[in-house]
Structure formats: structure tokens, C-alpha cells
Amino acid sequence: MVHKKWVAIAAVSLLLTACGEDTNKSSNDVKQTENVSNNNETKKQEAQTEQKEEVVEDETKEEGQIAEPQYKLNTANWSIQPIAEANEKVVLVTIDDAPDKHSLEMAEILKSQDIPAIFFVNGHFLATEEKQQQLKKIHEMGFVIGNHTYSHQDLKGLTEQQQQEEILKVSALIEEITGEKPKFFRAPFGSNTDFSKHLVSDEKMVLMNWTYGYDWEKQYQNAQALTDIMVNTEYLNNGANLLMHDRDWTVEALPGIIQGLEDKGYDFVDPKEIEGI
């Protein structure tokens, strides 16, 4: 009887041990499955995060936001200088007195050839809904909008209060129409005062003049003469800051000017890549 009793106990013990091993094995299998599942979930989340980061990066590029400036303004001659490895054989296109008669057409010409530019705005041209919509379209096409004062008066002949009104009124109008404050300021006739310089700096705009321009001079108020001088002037050099205006002869000359500059090997600076904005 005693022998049978111990045999029975041993059998029960073996059974319990086997059950324990199966239980442990089952538990380990569950843990392994959970680990695989967790690893897969982690990889999935990492992939989703990377995808979101790529989307954000793409959206940032689409909005034209540049992580690091590629060029800086040389205030000694108002040319554009490369930073680090940026292409030095470039010019900057700027259009003053927008949007008078031809600014939208000029923007369309430039856009069709993927040429960036700054359009400097006079506030008195924004008195009508039509002109406001033209400015909005120019901005939506990707062009940078600059401040060229409200009524295009020589700032040196105005009081500080009048200068402030001339500058800030235009900035407010541009922001209301485009949703964005102007990033550059150009004084009429290139005529700045100490007050205007400080105000522009406080408003976080880049002060800008130009390297050369000719379309206000009588002998260049036709497309052929203007095209020739803009492309062949002795002042054309690396980083030249080109001044043009919203004028009949300038819009006619614009395609030839762009083509002539390209034929000479020049590329065109994106104003969004200039240091300070």
C-alpha cells in the first residue's frame, strides 16, 4: 500500500511538473508574441513620425521658407553676395511702383520662366478693389512684396511723423491684403533718413536700394534700348541688384532682358534666400 501511495504521489508530481512547463511555455510564447507586436507597433509609429516629418518639410519648402540664408546684402553697393557655397553669378530682379498698370503682367512673365523677384508697392495704387486683388495674385504666385512708401515722396522732405505714416500705412495695407508683412523696404529715389532707417529696422524689414536701373531715363524709354542697356551695361556683375519699374516699355523689354541675362550665364536670386528676412 505504501509503495502504491508513493507511485501515485510521483505520478501526480510529474503531471503537475508537466502542466507547469506547459504553462511557462505558454506564458513565454505570449510574452514573445507581445514583444513582436510591440516591436511592430514601435516601427509603425516611427515610420508614421518620419512620414509626418517629411510632410512638414515638404510643406515648409512649398511655403518658400528657407532654413538658412544663402545670400546677404552688401550695403556698400547694394549687390547680393553669396554665403558659403551659393552660386555667385546671380542677379536680383526688383520691380518698383507696383501695382500700377503692368505689375500683374510682369509677374506672369517672370512666373512663366520661374524667375523670382521683389515687387515694391506704392500704397496709393491700392485704392481700388481691382488693384488689391492684383497685388494678392502677385503674392499668391510666390513673389516677395516690398514696401515703397504710400505716396512716393522723398523722405528727406518729410517730418518724422510723415515718414512713419508713409511707411507703416503701406505695411498695414500689404498685410491686410496678403496676410503677410513686407520683408523689404526701398525708399523713393533711394533717399533714406536716419529716422527711416531706424524705423525699417524696428519693423524687421531689410533696407534696400539698387545697383543699376535705366527705365526712367528718356533715352531708354523704349523696349529695344532698355533691353540693350540692362544686359550690356558695365554695371552688370555678380550679384547686381536690378531696378525696373511698372512701365509700358519695361514690360515689353522684360522677356528680352531675362533672356539676355540667361545667355550671359546669370542665375536669379530668390529674395527669400537673402539674410535678414
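Histidine 152 is placed in the loop between β5 (144–147) and α4, where helices (H or I, at least four residues) and strands (E, at least two) are DSSP runs numbered from the N terminus. The phi angle of histidine 152 is near 60°, a positive value in a residue other than glycine. At 22% relative accessibility, histidine 152 counts as partly exposed, a class that lies between buried, under 20% relative accessible area, and exposed, over 50%, with a 1.4 Å probe and protein chains only. The model is a predicted one, in which local features need pLDDT of at least 70 and side-chain atom pairs count only at pLDDT 80 or more, while totals for chains, interfaces and linings use all residues. Residues are numbered from 1 along each chain as its sequence is written, and side-chain values use heavy atoms, with hydrogens and water left out.

A positive phi, of about 60°, is also found at alanine 84, although this residue is not a glycine. Alanine 84 lies in the loop between β2 (79–82) and β3, and with a relative accessible area of 70% alanine 84 is exposed. In the loop between β3 and α2 stands proline 99, which is joined to alanine 98 by a cis peptide bond with an omega of about -10°. Proline 99 is in turn one of the residues in contact with glutamine 134, the other being Leu104, when neighbours of glutamine 134 within four places in sequence are left aside; contact here means heavy atoms within 4.5 Å. Glutamine 134 belongs to helix α3 (residues 129–140) and is buried, with a relative accessible area of 14%.

The largest nonpolar core has 42 residues, and those with the most contacts inside it are Val93, Leu110, Phe119 and Met230. Such a core is a set of buried Ala, Val, Leu, Ile, Met, Phe, Trp, Tyr and Cys residues joined through side-chain atoms within 4.5 Å. At least two residues of this core are supplied by each of β3 (90–98), α2 (103–112), β4 (118–121), α3, α4, α6 (223–232), β8 (240–245) and α7 (248–263), and the largest share, six residues, comes from α7. Apart from this core lies another, of 15 residues, among them Trp78, Ile80, Ile118 and Phe120.

Helix α6 is mostly covered, with seven of its 10 residues buried, namely Ala223, Ala225, Leu226, Thr227, Ile229, Met230 and Val231. The cover over the buried residues of α6 includes β8 and α7. Leaving aside neighbours within four places in sequence, methionine 230 is in contact with Tyr212, Gly213, Tyr214, Leu242, Leu243, Met244, Ile257 and Leu261.

The axes of helix α4 (residues 160–178) and helix α5 (residues 194–202) come within 10 Å and cross at roughly 40°, the axes being lines fitted to C-alpha atoms over the stretch in contact and the angles running from 0 to 180 degrees between N-to-C directions. That angle makes α4 oblique to α5, since angles under 35 degrees count as roughly parallel, over 145 as roughly antiparallel, 65 to 115 as roughly perpendicular and the rest as oblique. The crossing of α4 past α5 is right-handed, that is, the near helix is turned clockwise from the far one by less than a right angle. In this contact, Glu160, Gln163, Gln164, Ile167 and Leu168 of α4 meet Phe195, Ser196 and Leu199 of α5.
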